[in-house]
Amino acid sequence: MSFVPLAPIAQALTVLARRLVTRHPGLISRLGPYVDSSFAIAPTDLPVTLLLRPHPTAMRITLHRDPPRADARIAGPLSALLGLVHGTWDGDALFFSRDLVIDGDTSAALALRNAIDDCELDLGAEIAGLSGPFGRLLMPFIDLAERRTGMPLRRAEARP
C-alpha cells in the first residue's frame with residue numbers, strides 16, 4: 001500500500017462523505033460545537049490514517065501515511081471501525097475492551113459517534129447509490145465481500 005497514490009482514494013472518500021451529509025444532514029447538526037473539529041480515524045491494520053474534517057459546507061477527508069494532527073483520534077481494527085458505523089458492535093464495549101482507542105478530545109469523538117449512530121448509516125447502500133442505475137447490481141458483490149472478509153459493510157437489518 002506504500003506505493004498506492006492516496007489522493008484519488010481521498011477524493012473518492014470525500015465524495016462519499018459529502019453524499020452522506022446531503023442524505024443525512026443530522027451528521028453535521030448533531031456535532032454541535034465540534035462541527036469544526038478534525039478527527040483522525042486510524043485503522044490499526046492499515047498503513048494509513050483518515051483525517052475527517054466535517055465542516056457543513058466543506059466536508060473533506062484526506063489520507064495520511066504518517067499520523068496527522070487532529071482534535072480527536074479514534075484507532076482500532078478496520079472491522080471494529082466499520083462495525084461502529086453500521087451499529088454491529090457497541091462502541092462502549094470496544095472501548096472498554098481496548099479494541100478501540102480514543103485520544104485527544106473525547107467529547108468530540110463521542111459527538112461524532114452519536115451523530116453516526118443517529119443516522120443509521122449503511123455504507124454499502126451508499127456506495128451502491130453512487131453507482132446510479134448499476135447500484136442494484138453492485139449490492140450482491142458488496143454482500144459477497146462482506147461474507148468473505150467478515151467486515152460489516154452494511155447494517156445488520158439491511159443484509160439479505
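In this predicted model, the side chains of Arg 73 and Asp 103 form a salt bridge, with 2.7 Å between N and O. This pair connects distant parts of the chain, since Arg 73 belongs to strand 4 (residues 72-76) and Asp 103 to strand 5 (residues 101-104), 30 residues apart. Arg 73 counts as partly exposed at 31% relative accessibility, and Asp 103 is likewise partly exposed, with a relative accessible area of 34%.

**Overall fold**

- The chain contains seven helices and five strands, which follow one another along the sequence in the pattern α-α-β-β-β-β-α-α-β-α-α-α.
- The radius of gyration of the chain is 15 Å, close to the 15 Å that the globule rule gives for 160 residues, so the chain is as compact as a globular protein of that length.
- Along its principal axes, the C-alpha trace spans about 40 × 35 × 35 Å.
- Among contacts between residues at least 6 apart in sequence, 62% join residues at least 24 apart.

**Surface and charge**

- Of the 160 residues, 41% count as buried, while the chain exposes about 9100 Å², with carbon and sulfur atoms supplying 60% of that area.
- The chain carries 17 positive and 17 negative side chains, and the centres of these two sets lie 6 Å apart.

**Salt bridges around Glu 126**

- Side chains of opposite charge can pair when their charged atoms come close.
- The count for the chain comes to seven salt bridges, one of which joins Glu 126 to Arg 23, with the closest N and O atoms 2.9 Å apart.
- That pair links distant parts of the chain, with Glu 126 in helix 6 (residues 123-130) and Arg 23 in helix 1, 103 residues apart.
- Glu 126 has a relative accessible area of 4% and is therefore buried, as this value falls under the 20% cut-off.
- Arg 19, Arg 23 and Glu 126 are linked in a network of salt bridges.

**The loop at His 24**

- His 24 lies in the loop between helix 1 (6-23) and helix 2 (26-29), where His 24 is buried, with a relative accessible area of 18%.
- Leaving aside residues up to four places away in sequence, His 24 touches Cys 119, Leu 121 and Glu 126.

**A pair within helix 5**

- Asp 117 and Arg 113 meet through their side chains in a salt bridge, at 3.5 Å from N to O.
- Because Asp 117 and Arg 113 are four residues apart in helix 5 (residues 106-119), about one helical turn separates them.
- Asp 117 counts as partly exposed at 33% relative accessibility, and Arg 113 is partly exposed with a relative accessible area of 24%.

Conventions. Residues are numbered from 1 along each chain as its sequence is written. This is a predicted model: local features need pLDDT of at least 70, side-chain atom pairs count only at pLDDT 80 or more; totals for chains, interfaces and linings use all residues. Side-chain values use heavy atoms; hydrogens and water are left out. Helices (H or I, at least four residues) and strands (E, at least two) are DSSP runs, numbered from the N terminus. The radius of gyration is taken over C-alpha atoms; the globule rule is 2.2 Å times the number of residues to the power 0.38. Buried means under 20% relative accessible area, exposed over 50%, partly exposed in between (1.4 Å probe, protein chains only). Contact means heavy atoms within 4.5 Å. Accessible areas come from the Shrake-Rupley method with a 1.4 Å probe; for residues, only the protein chains shown count as cover. Lys and Arg count as positive and Asp and Glu as negative; His and the chain ends are not counted. The place of a charge is taken as NZ of Lys, CZ of Arg, CG of Asp or CD of Glu. A salt bridge is a side-chain nitrogen of Lys or Arg within 4 Å of a carboxyl oxygen of Asp or Glu.
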